[in-house]
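Student: I have a model open and would like to go through it with you. Could we begin with the overall layout?

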Amino acid sequence: MISELCKKYEDYMIEQRRCFHMYPEVSLKEENTSRMIKQQLDEMGVPYEELPPNHGLVATIQGKSGTKTIGVRADIDALPMQEESDIPYKSKCDGVMHACGHDAHIAMLLGVAKVLNDYKEHLEGTVRLIFQSAEEIGKGYVEVLDYLDRTGGVDRLIGLHIWSTLPVGEILLIPGSVFAGGSGFTITVKGQGGHGARPDLTREPIKAACDMVLKMSAIPSNMYDVLDHSVVSTGMIESGTLGNIFPDTATIKGTTRYYKPGGDEALMECIRRIGAGVGMAYGVEVDCNFSGGIPPVYNQPELIAHARELVDGIDGLVVSPQQDPICAGDNFGCILRKYPGFYGVLGAENKEIGCSWPQHNTKFNVDESSLRKGCEFMAAYVADYLR
C-alpha cells in the first residue's frame, strides 16, 4: 500500500519541488517557503506547530495507538546564488536559488505527509515531520531540539539528503560518519604597514598570511590523524589597497572538515600552533577565531543494517556500492547527537538529462524520478518502525 500511495503522489511531489525551486529563500528568510508548506499541510488536515523565532515547523501525524515516536527531517532554505540553468522552473528570485536540493527535501517530506496521513490507521505511534530552517548557515536545529525536548522527544530520527553526483536509483546508507564535521575560521594577521620600497621598516602581514596558508595546507597529512579524512581549506585572503603600500592587517578565511570525534579541537589546535610560530617568525600578531562548528553526521550502525534491508522492497532503488563518506557538512548531526537515527544520501544524478552538476553549483539540478524513491524509502521505514 505504501508503494502505491507513493506512486499516486509522485506528480504532486514533482509539482511541489518545482514550485519551491522557483521561489527560493535564503536562511532565516524562509517566510514564504514556510507559508507554502503550511498551506499544503492545512489542505491535508495535518496539524503543525511553528518554531519561532525563525520559520521552521513540525507537523504531526498520529497513528491509532502506540507509544513510539519517529521523526523525519528536511531542511528548507536556499543559497545566495544566481541560477544559470535554462529550465522552465528556474528561480524567479534574483540572486537566490535552491542549489543544494532542499526544494527536493521539502517536496519529499510533503509526499511522506500525504502518504502517512492516508496510512495513519495502520501506524502504531506518532510521526513528527520536521521542516528545519537555516541549515545552510548552521542554524535552525536549536529550535528543533527545543521542540523535541518539550514534547517528549523521538525514539528514532531519520532524513535523506539528495545528491546530484550519486547515480539516480542509488541510496547511500553507511554506518558511522556519513557527512563530515567542520567549522569556519577567520585569522587576522596584525603587523605594521609602510612603503613598499622599505619592507625592512615594516612588519608587513601579507607574507605572514601567505606562509600561514601554506603551512595550514600541510595539517591533514603531517599534523593531524592520518587515519581520519580531513580538510583545511582557505577560501579568502584579503589585504591591502595599493601595490606599493604595505597594509597593517591581512585576513584569512577558510574551513575545516573531519569525521572522527574530537577532530574539531585537534584541527583548531594545529591552526593555533601554526599561528603562534608564524607570528614569532614575522614579528606579527596572529589572532585565530573559529565559528559555525558542527559535528559529523553519525549513522548508528545497528540502524543502517535494517534500513538497507528495506531498500529491497522499493522499486527502482538499490543500496549504493559506495563506502566512502561525503565531505560536506549538515547540522542534522547536532540533532543526531541527542536522538538515535541516521541520514541517507539519495542519488539524483542523470547525465543524459543534464543532472550532474555538483551541489552549490549555479547549474545544479536533480533527476526528479528520485523524489518518489526517496519518499517511499522514508515512508516505508516509518511504517515498518510503527508496525
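Tutor: The C-alpha centres of domain 1 and domain 2 lie 37 Å apart. The domain bounds come from an automatic or database domain assignment. This is a predicted model, in which local features need pLDDT of at least 70 and side-chain atom pairs count only at pLDDT 80 or more, while totals for chains, interfaces and linings use all residues. Residues are numbered from 1 along each chain as its sequence is written, and side-chain values use heavy atoms, with hydrogens and water left out.

Student: Which residues belong to domain 1 and which to domain 2?

Tutor: Domain 1 comprises 1–179 + 296–386, and domain 2 comprises 181–294. In the contact between them, 11 residues come from domain 1 and 6 residues from domain 2; contact means heavy atoms within 4.5 Å.

Student: How much area do domain 1 and domain 2 bury between them?

Tutor: About 770 Å², with 70% of it on carbon and sulfur atoms. Buried area is the accessible area (1.4 Å probe) that two parts lose on being put together, summed over both. On the side of domain 1, P296, P325 and C327 supply 52% of the area buried against domain 2, more than any other three residues.

Student: How many salt bridges are there between domain 1 and domain 2?

Tutor: The count there is 0, where a salt bridge is a side-chain nitrogen of Lys or Arg within 4 Å of a carboxyl oxygen of Asp or Glu. The structure as a whole holds 16 salt bridges. One of them joins the side chains of E368 and R17 (3.1 Å, N to O). E368 lies in the loop between β16 and α11 and R17 in helix α2 (residues 10–22), so this pair ties together parts that are 351 residues apart in sequence. Helices (H or I, at least four residues) and strands (E, at least two) are DSSP runs, numbered from the N terminus.

Student: On to aromatics, then. How many aromatic pairs are found in the whole structure?

Tutor: There are 6. Rings of Phe, Tyr and Trp (its six-membered ring) pair if their centres lie within 6.5 Å; planes under 30 degrees apart count as stacked, over 60 as edge-to-face and the rest as tilted. The ring centres of F342 and Y381 are 5.1 Å apart and the planes are at 75°, so that pair is edge-to-face.

Student: Where is the cis peptide bond?

Tutor: It joins P52 and P53, with omega about 10°. P53 is placed in the loop between β1 (48–51) and β2 (56–62).
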